[in-house]
Amino acid sequence: MVKRKSLDENESECGKGIPFPIQTFLWRQTSAFLRPKLGKQYEASCVSFERVLVENKLHGLSPALSEAIQSISRWELVQTALPHVLHCTSILLSNRNKLGHQDKLGVAETKLLHTLHWMLLDAAQECNHESSLGHGWSAGSSSSAFLQPVGNQGSSSGAPGSCSSVSEDEHTRTKLFHKSMETVELFVFLFAPLIHRIKESDLTFRLASGLVIWQPMWEHRQPDIPAFTALIKPVRNIVTAKRNSPVNNQCSPCGSANPGPMVACTLCHLF
């Protein structure tokens, strides 16, 4: 008989959780975008997102927040903050005309878009590089396997590398993005209706790297970046039996079986 995973084992795979000061910090930054009318408060949030996430600067933060950020890996912080940045960016783009930035993005919009581009394109490799060097906040504290350096897995310290640096980078990116299905779905849901709010003339200088994201979307194609093409680790649903419950039997969904492994490229039909 097949041994099923217990709920405790399933929860242990989800990591140790995000400290409350970090959650409070992210929601405070996001709240500036959720008001009926966007004031100047959102500009400070854009600066904070870029300083903490991209520039990795903790100076000026409260001691409790700094300690909380240092207690987890940098990649965990990026994964936690990405949905917040996605929502904030989509709100700014949807209000671009009201903010008077039809022809040119403002400073705050540029900072937030730069943060989003970095999180989707460069954050995985940069965080993995820091963890492999033992730098960052807590490179070895995370329980997630994809935070470990790929080159040191299953090999001795003196064994020569058999792959080129390019292939190693691609392998690393694939492992880092293997849990990002929900984030990809959120990105498509928020930005598919707003793709024409971003113009090619906006993607200059520090935003030029984002062309690999938005150009395919303008053409209704899937961006060819690891965040959208990496393999997705399937989530196993734990089904518990309930006897003598006719209400549950009538309301039970038809497709309760586990669909099996999925890949992010299955989202091609959404573009």
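Reader: What do buried and exposed mean here?
Author: Buried means under 20% relative accessible area, exposed means over 50%, and partly exposed is in between, using a 1.4 Å probe and protein chains only.

Reader: Good. What kind of model is this?
Author: It's a predicted model, where local features need pLDDT of at least 70 and side-chain atom pairs count only at pLDDT 80 or more, while totals for chains, interfaces and linings use all residues. Residues are numbered from 1 along each chain as its sequence is written, and side-chain values use heavy atoms, with hydrogens and water left out.

Reader: How many helices and strands are there?
Author: The chain has 12 helices and 2 strands. Both are DSSP runs numbered from the N terminus: helices are H or I with at least four residues, strands E with at least two. Along the sequence the order is α-α-α-α-α-α-α-α-α-α-α-β-α-β.

Reader: And how much of the chain is buried?
Author: 41% of its 271 residues.

Reader: Which residues have the most contacts inside the largest nonpolar core?
Author: Phe33, Leu116, Phe187, Phe191 and Trp214, in a core of 57 residues. Helix H5 (residues 74–94) gives the largest share of this core, 11 residues. A nonpolar core is a set of buried Ala, Val, Leu, Ile, Met, Phe, Trp, Tyr and Cys residues joined through side-chain atoms within 4.5 Å.

Reader: What is Trp214 in contact with?
Author: Leaving aside neighbours within four places in sequence, Trp214 is in contact with Leu113, Leu116, His117, Phe187, Phe191, Ile198 and Leu203. Contact means heavy atoms within 4.5 Å.

Reader: Leu113 and Leu116 are on that list. What about helix H6, is it enclosed or open?
Author: Largely enclosed by the rest of the structure, because 13 of the 15 residues of H6 are buried. H6 covers residues 107–121, and its end C-alpha atoms are 21 Å apart, which agrees with the 21 Å it should span at 1.5 Å a residue. The expected span is 1.5 Å times one less than the number of residues.

Reader: New topic. At what angle do H2 and H3 pack?
Author: Helix H2 (residues 20–31) and helix H3 (residues 41–54) pack at about 145°, with their axes 8 Å apart. Axes are lines fitted to C-alpha atoms, for helices over the stretch in contact, and angles run from 0 to 180 degrees between N-to-C directions.

Reader: Which residues meet there?
Author: Phe25, Leu26, Arg28, Gln29 and Thr30 in H2 meet Ala44, Ser45, Ser48, Phe49 and Val52 in H3. They divide into 5 nonpolar, 4 polar and 1 charged. Ala, Val, Leu, Ile, Met, Phe, Trp, Tyr, Cys and Pro count as nonpolar, Asp, Glu, Lys and Arg as charged, and the others, Gly among them, as polar.

Reader: What about the phi of His220?
Author: Positive, about 60°, although His220 is not a glycine. His220 is in the loop between H10 and helix H11 (226–229), and is exposed at 53% relative accessible area.
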